[in-house]
Amino acid sequence: MDSTGQLYRSPLLEEDNFLLENTLEWTGDGSVCIRGHPASKKHTGKWKASSLTIVCSFCSYLAISSISKNLVSYLTKVLHETNVVAARNVSAWQGTSFLSPLVGAFIADSYLGKYWTALIFFTIFIIGMMVLVLSTSLLISTDPQVWPAWTDTVSSQHIIFFLGLYMVAIGYGGQYPCVTSFGADQFDDTDEEERTQKSSFFNWNHFTVNVGALISGTIIVWIQDHEGWLWGFTIAALFVALGLGSFLLGSSVYRFQKPGGSPLARMCQVIVAATCNFDKDLPCDCSLLYEIPGQGSGIEGSRKLEHTTGLEFFDKAAIVTSADCESVGLLNTWRVCTVTQVEEFKILIRILPIWTTMVLFNTALAQMFSTFIEQGMVMEKHIGSFEIPAASFQSVDVIAVLALVPVYERVLVPVFRKFTGMANGITPLQRMGIGLFFSTLSMVSAAMVESNRLRMVQDKGLVNQNVAAPMSILWQGPQYFLLGAGEVFSIIGLNEFFYKESPDAMRSISLAFSNANISAGNYLSSFIVSLVPVFTAREGSPGWIPDNLNEGHLDRFFWMMAGLCFLNLLAFVFCAMKYKCKKTS
């Protein structure tokens with residue numbers, strides 16, 4: 001009380017209250033607004049910002065999918081390439097699409113940040129789409145006076161088309177991990193409610209991407225085949241422009257994470273420092289290991305990580321000697337690393353077994369584009385007077401994803417939450433394990449369908465005839481549906497797991513590394529299929545997968561895949577039980 005009887009308020013107390021109120025208003029993960037100031041929890045981020053990145057992902061995936069789903073048709077029918085050359089070009093292009101995310105993610109996490117990196121690669125993406133439109137217009141404008149510089153219209157169209165095609169692959173791949181992780185960045189990890197919403201973000205992001213796949217595989221492909229490729233590429237280019245526009249629209253409400261420098265250099269520093277200190281003993285008290293004082297981390301844009309047991313050799317990188325203490329503030333980062341930097345490296349080592357065990361899921365998923373279609377081609381595809389193309393049955397997988405994501409979000413999560421008490425229902429690792437189980441069931445279903453198909457072939461005496469068995473292609477529905485269910489659990493769970501467990505300053509690279517799992521799965525599928533005739537086509541036997549499937553045993557291949565998937569599930573469970581989650585402070 002003062003002399004007048006009024007309640008006296010200390011200026012220091014008022015300042016503390018002001019700071020407390022502003023601390024509650026700002027995000028706790030170190031994110032900033034576009035002007036570089038601390039991000040407001042009320043006016044930035046959350047669904048109003050992340051929904052724009054979801055629209056961006058939808059538009060960009062619709063465009064790239066409309067190209068990839070029908071690319072082999074364009075190469076063979078328009079550019080008149082042989083089947084072998086077209087298949088080789090498609091594989092090379094897809095390989096580029098899967099590798100470029102690593103480049104974009106490295107630039108984002110190391111130097112430019114996700115927002116600016118995404119804009120750069122989006123620019124490459126949209127220019128590539130415009131070049132594709134230009135190459136297609138060359139077929140329409142055949143008047144030599146229109147293109148006097150070109151002596152060979154077909155040759156010039158090849159050059160322009162492949163230039164645009166690879167710009168599209170680099171542009172889409174480079175922006176993909178940036179936009180996805182940037183959308184997840186709009187939710188504060190230190191806020192329990194926003195952390196739960198972040199899990200929902202991955203569900204709905206994958207949902208909308210599959211909506212784009214469904215539209216591109218039906219409407220856009222139909223336009224390409226019936227109205228012309230110029231219309232098809234033009235519509236895809238317009239969607240890329242729409243995606244870029246939606247991404248720019250949220251610039252003022254986005255939350256930004258600062259790039260933390262080269263992660264490759266930080267990993268090398270840990271290895272070098274640990275090797276230099278290999279003959280030194282670790283202190284009994286882990287608090288004696290080197291860490292920058294205060295709340296901030298030595299890595300820009302990253303929170304501190306708490307020390308964890310295991311992989312003790314790399315802890316030696318954080319040992320501080322008496323000689324180091326004499327030069328505090330001038331420590332050589334190639335001789336002494338912080339605990340956070342060491343833990344960052346240990347996280348990458350720990351998630352590698354999880355990543356490896358998920359490769360076989362994508363190997364099973366790859367069968368949907370190869371052996372499943374081959375199986376469907378020798379089944380009865382007519383339903384009344386309507387014929388279902390074998391490749392079009394892949395839509396069952398997409399429909400399953402679109403149907404099950406809302407079911408998982410609205411029904412399964414609340415049910416799981418009652419039993420586990422966790423806000424997200426189950427952990428990403430548990431979710432991935434359920435997806436692996438579904439992939440095993442899918443292979444079992446495919447094997448049973450093929451066994452019954454071959455039995456019908458034998459009963460009808462069609463073994464030596466390369467004709468369809470009197471068995472409806474609708475029997476393939478369960479195997480496609482089970483793979484779709486596996487996607488909802490495993491693919492979304494894998495992306496959520498990598499984002500959640502990766503160091504703050506390496507989230508784009510982690511999502512790109514997660515996406516590379518698809519590439520590894522496809523390569524493994526190609527390797528396994530290549531080995532099948534080597535070991536099964538002997539002494540006059542046509543093998544399991546001959547040109548005439550009625551003479552083969554595709555069912556044995558599916559049973560083998562089911563066995564591999566089950567063994568892989570056991571390996572995943574073992575790795576998941578041993579995994580140590582990261583601890584942030």
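F313 is partly exposed, since its relative accessibility is 38% (buried means under 20% relative accessible area, exposed over 50% and partly exposed in between, with a 1.4 Å probe and protein chains only). The structure is a predicted model, where local features need pLDDT of at least 70 and side-chain atom pairs count only at pLDDT 80 or more, while totals for chains, interfaces and linings use all residues. Residues are numbered from 1 along each chain as its sequence is written, and side-chain values use heavy atoms, with hydrogens and water left out.

On to the aromatic rings. A pair of aromatic rings is described by the distance of the centres and the angle of the planes. Rings of Phe, Tyr and Trp (its six-membered ring) count as a pair if their centres lie within 6.5 Å; planes under 30 degrees apart are called stacked, those over 60 edge-to-face, and the rest tilted. That rule gives 39 aromatic pairs. Take W229 and F233: their ring centres are 5.7 Å apart and their planes sit at 45 degrees, so this pair is tilted. Both residues belong to helix α8 (residues 229-249), four residues apart, which is about one turn of the helix. Helices here are DSSP runs (H or I, at least four residues), as are strands (E, at least two), and they are numbered from the N terminus. W229 counts as buried because its relative accessibility is 12%, and F233 is buried too, at 2%.

The rings of F313 and F314 make another pair: with centres 5.4 Å apart and planes at 75 degrees, they are edge-to-face. F314 has 16% relative accessibility and therefore counts as buried, whereas F313, at 38%, is partly exposed. Elsewhere, ring pairs join Y115, W116, F182, F247, Y254 and F256 into a cluster. There is also a charge over a ring (NZ of Lys or CZ of Arg within 6 Å of the ring centre and within 35 degrees of the ring normal). Here R431 lies over the face of Y408, 3.9 Å from the ring centre.

Next come the helix pairs. Axes are lines fitted to C-alpha atoms, for helices over the stretch in contact, and the angles between N-to-C directions run from 0 to 180 degrees. Angles under 35 degrees count as roughly parallel, over 145 as roughly antiparallel, 65 to 115 as roughly perpendicular, and the rest as oblique. Helix α16 (residues 477-501) and helix α17 (residues 507-536) have axes that come within 8 Å and cross at roughly 150 degrees, so α16 and α17 are roughly antiparallel to each other. On the α16 side, L494, N495, F498 and Y499 meet R507, S510, L511, F513, S514 and N517 of α17, where contact means heavy atoms within 4.5 Å.

Helix α16 also crosses helix α7 (residues 192-226), with the axes coming within 10 Å at an angle of roughly 130 degrees. That makes α7 and α16 oblique to each other, and the crossing of α7 and α16 is right-handed. In this contact, K198, S199, F202, N203, H206 and N210 of α7 meet E487, I491, I492, N495, E496 and Y499 of α16.

S65 sits in helix α2 (residues 46-68) and is buried, at 3% relative accessibility. Not counting residues up to four places away in sequence, S65 touches A213 and S216. K46 is also found in helix α2; its phi is near 60 degrees, a positive value in a residue other than glycine, and its relative accessible area of 27% makes K46 partly exposed.

The loop between α9 (263-276) and α10 (312-315) holds L311, whose phi, near 55 degrees, is likewise positive in a residue other than glycine. P283 is placed in the loop between α9 and α10 as well. P283 and I319 are 36 residues apart in sequence but 8.0 Å apart in space, C-alpha to C-alpha. Leaving out residues up to four places away in sequence, P283 touches L288, L289 and I319. Finally, E343 in helix α12 (residues 339-366) is buried, with a relative accessible area of 3%. Its contacts, setting aside neighbours within four places in sequence, are L305, E306, H307, T308, D315 and R350.

Definitions and conventions. Left-handed = near helix turned anticlockwise from the far one by under 90°.
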